[in-house]
There are 2 protein chains.
Amino acid sequence: MNVEKFPSKLLENAVNEFSKLPGIGRRSALRLVLHLLRQDKEEVSRFGNSLIDLCNEIKHCKICHNISDEEICPICSDPNRDETVICVVENIRDVMSIENTLQYKGYYHVLGGIISPMDGVGPSDLEIESLLERVSQGNITEVILALSTTMEGDTTNFYIFRKLKGMDINVTTLARGVSVGDELEYADEITLGRSILNRVNYETLVGK
Amino acid sequence: MNVEKFPSKLLENAVNEFSKLPGIGRRSALRLVLHLLRQDKEEVSRFGNSLIDLCNEIKHCKICHNISDEEICPICSDPNRDETVICVVENIRDVMSIENTLQYKGYYHVLGGIISPMDGVGPSDLEIESLLERVSQGNITEVILALSTTMEGDTTNFYIFRKLKGMDINVTTLARGVSVGDELEYADEITLGRSILNRVNYETLVGK
């Protein structure tokens, strides 16, 4: 649609707003708005209000910088977690992914991004200083670097590793290897190579 | 994600609302909400308010039942259009599509759906009565049935055709045929068959 003639300004505004979202073009935006028009008024107001509440009331946890409704997020205020471990992640989605594994009981630290000179993101734009402060103050013995396996992720990992070097902290990173359920022939060679180098004692895996 | 633990109720609400939209699952919804969280507060409030305004203030044109900001839509209130022709369409998207062709200068009538017993939509749920009223009152000489070429569309076409039968109106329907730019070998046989049956005098097409 090149020449777009909306019969209504209100409709056009809503379509414009939707089409600003990533991955939603103008045709999809129109489809979504027309879908909303077929819903109850209350339903649509609830949608609109949920967005307004979101931007006005959401906070970032003062400790781990995760998104939160309170000053301190539910994870940081949970006393039953292992206070000797901090897992460093890029964003809140990663926190949710790791929480969903039910395998991790320590705390988190959300950087808010990774070092990416191409996008103008340097170490000072990320929550790295506050991480160093947390590590130097608490009784933390291990920092898990759980960033993406990209060039930027590796750069950020290395930067944090260097900063933590003098602190007598065990710095670990996520195991890289063949996915569970994957067939070997379809794994890429770098992943497969890493999984050979970092092979695990079978006895530790299955228990004694 | 089976076990979804959101660190924030506000976040969860917004994700719930987004994932009610057609074609947007919970993962995409989370991605969209996190995108909004990275935007300015004003930007997000504008989005929320555009939806609230949409559902509270939008009207349906009293004449053609198209979506409109006023009681009468811009098309119906345009005196320069051809008042002898009404084009019957299913919904407002079809109005926009036809308007974008710049080939039609008459008025519209938006049915608000098509007859579909499977979905419990009968003739009385659509704006058919008001169409008949318009036709009987005005000086309309032609009604163009521009509904989808589906079973439901054909049923609705036939229903309206029967209703208009005694009224001395020229009832027409969109030409079916091979798309402009399509290669013949890829056209389906029904479309190709129709385009042979409804072949057009070449002289009328190119002008004399």
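This is a predicted model: local features need pLDDT of at least 70, side-chain atom pairs count only at pLDDT 80 or more; totals for chains, interfaces and linings use all residues.
Residues are numbered from 1 along each chain as its sequence is written, while chains are lettered from A and ligands numbered from 1 in the order in which they are written.

**Exercise 1. Describe the build of chain A: which secondary structure does it have, and how does its radius of gyration stand against that of a compact globule?**

Step 1. Take the elements. Chain A has eight helices and six strands; helices (H or I, at least four residues) and strands (E, at least two) are DSSP runs, numbered from the N terminus.

Step 2. The pattern is α-α-α-β-β-β-α-β-α-β-α-β-α-α.

Step 3. Look at the extent. The radius of gyration of chain A is 22 Å, whereas a compact globule of 208 residues would have one near 17 Å. That radius is taken over C-alpha atoms, and the globule rule is 2.2 Å times the number of residues to the power 0.38. Along the principal axes, the C-alpha atoms of chain A fill a box of roughly 70 × 45 × 40 Å.

Step 4. Check the burial. In chain A, 27% of the 208 residues count as buried. The rule: buried means 20 or more other C-beta atoms within 10 Å of the residue's own, exposed means 12 or fewer, and partly exposed is in between, with C-beta atoms placed from the backbone.

**Exercise 2. Find out which parts of chain A touch chain B.**

Step 1. Count the residues. Each side gives some: 48 residues from chain A and 48 residues from chain B. Two residues are in contact if their C-beta atoms, placed from the backbone, lie within 7 Å.

Step 2. Sort them by element. H1 (9-19), H2, H3, strand E2 (67-68) and helix H4 (92-101) of chain A each supply at least two residues. H3(A) gives the largest share, 15 residues.

Step 3. Sort them by class. The side of chain A that touches chain B has 27 nonpolar, 11 polar and 10 charged residues. Here Ala, Val, Leu, Ile, Met, Phe, Trp, Tyr, Cys and Pro count as nonpolar, Asp, Glu, Lys and Arg as charged, and the others, Gly among them, as polar.

Step 4. Compare the two sides. Of the interface residues of chain A, 100% are also interface residues in chain B, so the copies meet through the same surface.

**Exercise 3. Show which residues of H3(A) are buried and what covers them.**

Step 1. List them: Val44(A), Phe47(A), Gly48(A), Ser50(A), Leu51(A), Leu54(A) and Cys55(A). They cover an arc of only 145° around the axis, which puts them on the same side of H3(A). The arc is that of the directions from the helix axis to the C-beta atoms.

Step 2. Turn to the other face. The face away from the buried side carries the exposed residues Lys41(A), Glu42(A), Asn56(A) and Glu57(A).

Step 3. Look for the cover. It includes helix H2 (26-37) of chain A, together with helix H1 (9-19), helix H2 (26-37) and helix H3 (41-57) of chain B.

**Exercise 4. Locate Leu102(B) and Asp168(B), and say whether each is buried or exposed.**

Step 1. Leu102(B) sits in the loop between helix H4 (92-101) and strand E4 (106-110) of chain B; Asp168(B) is in the loop between helix H6 (151-164) and strand E6 (170-173) of chain B.

Step 2. Count around them. Leu102(B) has 9 other C-beta atoms within 10 Å, so it is exposed. Asp168(B) has 7 other C-beta atoms within 10 Å, so it is exposed.

Step 3. Check the backbone. Most residues other than glycine have a negative phi. Phi of Leu102(B), though, is near 60°, a positive value, and phi of Asp168(B) is near 60°.
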